[in-house]
Amino acid sequence: MNNQLSADIVIIGGGPAGLAAAVAAKKNGIDRILILERDRELGGILNQCIHNGFGLHTFKEELTGPEYAARFIGQILELNIAYKLNTMVMDISRDKVVTAMNREEGLFEVRAGAVILAMGCRERPRGALNIPGFRPAGIFSAGTAQRLVNMEGYLPGREVVILGSGDIGLIMARRMTLEGAKVKVVAELMPYSGGLKRNIVQCLDDYGIPLKLSHTVVDIKGKERLEGITLAEVDGRGKPIPGTEEFYSCDTLLLSVGLIPENELSAGMGVELNPVTSGPRVNESLETNIEGVFACGNVLHVHDLVDFVSEEAAAAGKNAAAYVRAAKETAGRAAERASFPAVRLTVGTGVRYTVPETICAERMDEHQTVRFRVGGVYKNCYVSVYFDGERISRRKKAVVAPGEMEEIMLTKKQLMEYPDLKEINVRIEEA
Amino acid sequence: MEEKNLICINCPLGCMLTVAMDGKKIVSVAGNTCRRGDTYARKELTNPTRIVTSTVRVLGGSESMVSVKTKEDIPKGKVLECVRALKDVVLPAPVKIGDVILEDAAGTGVSIVATKNVQ
């Protein structure tokens with residue numbers, strides 16, 4: 001290929017994470033930035049999230065998804081940051097050569113000083129669920145239906161059942177109702193909802209849509225087009241209880257059953273993934289096991305709040321900028337990295353994972369946010385942090401749930417007081 | 001005195017609010033982590049309101065739909081009427097964020113504005 005470009009930082013994905021990372025990198029002194037986006041416009045998933053509730057943390061006002069995206073797109077244009085649309089990244093090599101293609105330029109390569117992975121996530125499909133029955137038309141992932149309704153202007157059906165109470169499913173229950181469809185029920189396999197509490201109030205309760213917890217779809221009826229589904233209650237292990245089956249006629253089934261970080265490119269280049277998050281393992285700089293390759297947003301771990309994506313991505317952008325500057329000034333960064341020991345973050349009772357997974361006290365900022373999710377619903381509990389077995393902090397929480405990401409803050413000062421620290425453990429403790 | 005439990009919908013924190021009521025009078029609001037929670041509880045129990053978001057067709061633009069919202073929150077009972085009023089609205093491109101799409105939606109006195117730029 002004689003078609004090789006170069007950039008100091010190449011950002012894979014122009015959604016909320018990619019945009020915030022680009023803005024931060026530019027503000028930290030890097031000019032040669034390139035964003036590669038596969039869709040026809042910047043903004044990613046925000047473009048189809050037309051509901052309000054975004055930006056209270058970032059902009060101190062309540063915005064819709066497209067408005068939130070527009071704030072960042074405005075900055076991209078103002079800061080003259082380069083981007084290519086309708087461009088699909090095919091491969092990233094370990095030495096950071098990005099292979100991409102689009103209709104105008106064909107196949108091309110970009111040699112990158114640093115790479116920021118910001119590809120977002122995908123919805124878990126029907127195939128991952130083992131629902132018995134036929135495979136008729138009318139079964140959509142909730143996000144697909146959201147795109148059809150909000151961006152393409154099509155209503156996928158009139159009588160709807162939603163499986164899974166993730167936020168997109170709840171939002172779509174309201175959206176389909178407003179567009180004239182009848183949403184009969186939202187069924188959730190778990191005994192608690194996977195979505196935000198506010199969405200249950202304003203998307204289901206407001207419209208009298210029932211939420212059936214500990215229920216799942218056990219049969220799908222209809223050969224060409226969906227005709228109905230059968231719901232059944234499940235026991236503590238998720239197995240349907242015989243005799244609890246109930247038939248619902250419907251022409252549409254929406255699935256809102258989880259999101260999976262989209263890491264085919266990361267895995268292809270040798271980035272190590274955490275099996276719990278399905279996202280890259282990262283250190284305090286949000287840098288993966290490959291030097292100069294950073295990750296942020298939903299490709300790293302699935303978030304509930306775009307505000308936190310922007311915050312995390314800005315950190316990745318800033319750190320990537322520092323990496324590029326350091327790499328230009330000195331070739332000895334590898335030696336520097338090896339000389340600082342990293343502290344491992346581990347999870348105790350109730351905690352499923354942490355991002356990051358390692359922290360280096362010497363390299364960290366004054367404050368380090370550690371984000372995590374819990375594995376179940378805990379009431380009146382403590383979020384506790386242990387340094388090598390010694391509890392150094394605990395914070396009371398009225399309730400923690402898997403659907404809502406939690407965070408703790410570590411300070412450089414704290415870590416410096418424990419020079420021989422090996423392990424930081426985060427766990428949930430009963431009050 | 002009567003207690004009512006609400007979940008604040010202003011932001012994704014979803015604070016659990018406890019409202020003490022004396023008949024129809026609100027005596028106190030607890031459980032909120034910010035000022036918005038107090039305002040929400042008082043409003044939700046007297047005159048519940050919502051921001052309404054939807055989409056409207058665009059002709060001759062880079063996109064076929066543009067997203068819109070009520071500029072302010074409107075009474076909950078007017079939500080469906082408000083969406084119905086948007087059903088047959090078609091806009092010529094271009095549309096800019098903040099453009100007024102419909103004035104006085106469903107007699108609420110609140111206008112509906114675009115939330116996306118369409119070239």
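Let me begin with terms: helices (H or I, at least four residues) and strands (E, at least two) are DSSP runs, numbered from the N terminus. This is a predicted model, in which local features need pLDDT of at least 70 and side-chain atom pairs count only at pLDDT 80 or more, whereas totals for chains, interfaces and linings use all residues. Residues are numbered from 1 along each chain as its sequence is written, chains are lettered from A and ligands numbered from 1 in the order in which they are written, and side-chain values use heavy atoms, with hydrogens and water left out.

Met90(A) lies in strand β6, residues 88-92 of chain A. Is this residue buried, exposed or partly exposed? Buried means under 20% relative accessible area, exposed over 50%, and partly exposed in between, with a 1.4 Å probe and protein chains only. With a relative accessible area of 43%, Met90(A) is therefore partly exposed. Together with Met88(A), Met101(A) and Leu107(A), Met90(A) forms a nonpolar surface patch with about 340 Å² of accessible area. A patch here is made of residues with over 30% relative accessible area and no salt bridge; like charges are joined within 9 Å, and nonpolar side chains (Val, Leu, Ile, Met, Phe, Trp, Tyr) within 5 Å. The accessible areas come from the Shrake-Rupley method with a 1.4 Å probe, and for residues only the protein chains shown count as cover.

Next, the domains, whose bounds come from an automatic or database domain assignment. Chain A is divided into domain 1 (1-123 + 258-339), domain 2 (125-257) and domain 3 (340-431). The centres of domain 1 and domain 3 of chain A, taken over C-alpha atoms, are separated by 26 Å. Contact means heavy atoms within 4.5 Å, and 23 residues of domain 1 of chain A are in contact with 20 residues of domain 3 of chain A. Between them, these two domains of chain A bury about 1,800 Å², 42% of it on carbon and sulfur atoms. Glu284(A), His301(A) and Asp304(A) supply 32% of the area that domain 1 of chain A buries against domain 3 of chain A, more than any other three residues. Buried area is the accessible area (1.4 Å probe) that two parts lose on being put together, summed over both.

How many salt bridges are counted between domain 1 of chain A and domain 3 of chain A? The count is six, where a salt bridge is a side-chain nitrogen of Lys or Arg within 4 Å of a carboxyl oxygen of Asp or Glu. In general, side chains of opposite charge can pair when their charged atoms come close. Glu311(A) and Arg371(A) are joined by a salt bridge at 2.8 Å, N to O.

Within chain A, consider also Ile424(A), which is placed in strand β27, residues 423-430. Ile424(A) counts as buried because its relative accessibility is 0%. Its contacts, not counting residues up to four places away in sequence, include Val343(A), Tyr386(A), Phe387(A) and Leu410(A). Thr346(A) is 78 residues from Ile424(A) along the chain, yet their C-alpha atoms are separated by 6.1 Å.

I now come to the interface of the two chains. Here, 32 residues of chain A are in contact with 29 residues of chain B. The two chains bury about 2,600 Å² between them, 55% of it on carbon and sulfur atoms. Five salt bridges are found across the interface of chain A and chain B. The side chains of Glu41(A) and Lys116(B) form a salt bridge at 2.8 Å, N to O. Glu67(A), in helix α2 (residues 65-78) of chain A, touches Lys69(B), Ile97(B) and Thr115(B), not counting residues up to four places away in sequence. Glu67(A) is buried because its relative accessible area is 10%.

Finally, salt bridges in the structure as a whole. One pairs Lys328(A) with Asp8(A) at 3.0 Å, N to O. This pair links distant parts of the chain, with Lys328(A) in helix α7 (residues 306-329) of chain A and Asp8(A) in strand β1 (residues 4-12) of chain A, 320 residues apart. Lys328(A) counts as exposed at 58% relative accessibility, whereas Asp8(A) is buried at a relative accessible area of 9%.
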